[in-house]
Amino acid sequence: PRDYLGGSRLGHACERALQFEFTATPKDDGADFAGQTLRIFAIGHALEDLAIRWLRAAGLDLYTRKADGGQFGFAVVGGRVRGHVDGIVAAAPAALGLRVPALWECKTMNAKNWRETVAKGVAVAKPVYAAQIALYQAYMEPTVPGITAAPALFTAINKDTAELHHELVPFDA
């Protein structure tokens, strides 16, 4: 349970669901996550950790934790809306053509969702993710000046095939 609305949820199309989350409305009986769902979440975290290693091995200077071990993030509206970013790219090999600093967002997907994201782009295929990226860029700007000027690096990992998709997502206010 959270006492705030997460930035990763604000792009959700159902405003009622967001209201229920924000007001901590109790879930119906039996609405807890099943073991399989919890394992899916755990796999996503493990794959994100691997993606961090892969990007660093490719020469990206990727920061995922502050010096104290906490995540980079923001809090606005008196702490009622918060977000924690997956990472910030501080530098990259010139051959990649990445502008920095850049937000890094990573998602894992099944093959069907991954293929749709590759074909249509994250903004069309997964508008909730695109909204999350834009919010994180906007609200991280005060602590990471220039993060809205550089396109975010979005990484999608296909959980079924281990294929990677990297997409540059310009800031969309």
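Contact here means heavy atoms within 4.5 Å, and by that rule Phe154 touches Glu105, Lys107, Met109, Thr117, Val122, Tyr129, Ile133, His165, His166, Glu167 and Val169, not counting residues up to four places away in sequence. The model is predicted, so local features need pLDDT of at least 70 and side-chain atom pairs count only at pLDDT 80 or more, while totals for chains, interfaces and linings use all residues. Residues are numbered from 1 along each chain as its sequence is written, and side-chain values use heavy atoms, with hydrogens and water left out.

**Nonpolar cores**
- A nonpolar core is a set of buried Ala, Val, Leu, Ile, Met, Phe, Trp, Tyr and Cys residues joined through side-chain atoms within 4.5 Å; buried means under 20% relative accessible area (1.4 Å probe, protein chains only).
- The largest such core holds 19 residues, and Phe154 is listed with Val85, Ile88, Leu103 and Met140 as having the most contacts inside it.
- Two or more of its residues come from each of β3 (73-76), β6, α5 (127-140) and β7; helices (H or I, at least four residues) and strands (E, at least two) are DSSP runs, numbered from the N terminus.
- Leu47, Leu60, Val89 and Ile157 are among the 13 residues of a second, separate core.

**Met109**
- This residue sits in strand β6 (residues 102-109) and is buried, at a relative accessible area of 3%.
- Beyond four places in sequence, Met109 has contacts that include Trp114, Tyr129, Phe154, Ile157 and Asp160.
- Glu21 lies 88 residues from Met109 along the chain, and their C-alpha atoms are 23 Å apart.

**Helix α2**
- With 23 residues, α2 spans 33 Å from first to last C-alpha, close to the expected 33 Å, which is 1.5 Å times one less than the number of residues.
- Its buried residues are Gly44, Leu47, Glu48, Ala51, Ile52 and Leu55, and their cover includes β2 (61-63), β6, β7 (152-158) and β8.
- After α2 comes Gly59, with a positive phi near 100°.

**Second largest pocket**
- A pocket is an open set of points on a 1 Å grid over the protein atoms alone, where a 1.4 Å probe fits, with protein on both sides within 12 Å along at least five of seven lines; lining residues have an atom within 4 Å of a point.
- The second largest pocket has about 150 Å³ of space, taken as the volume filled by probe spheres set on the points, which are joined across faces, edges and corners.
- Its lining includes Trp54, Leu55, Leu60, His166 and Glu167.
- α2 (35-57) and β8 (164-169) each supply at least two lining residues, and β8 gives the most, with four.

Technical notes
Buried means under 20% relative accessible area, exposed over 50%, partly exposed in between (1.4 Å probe, protein chains only).
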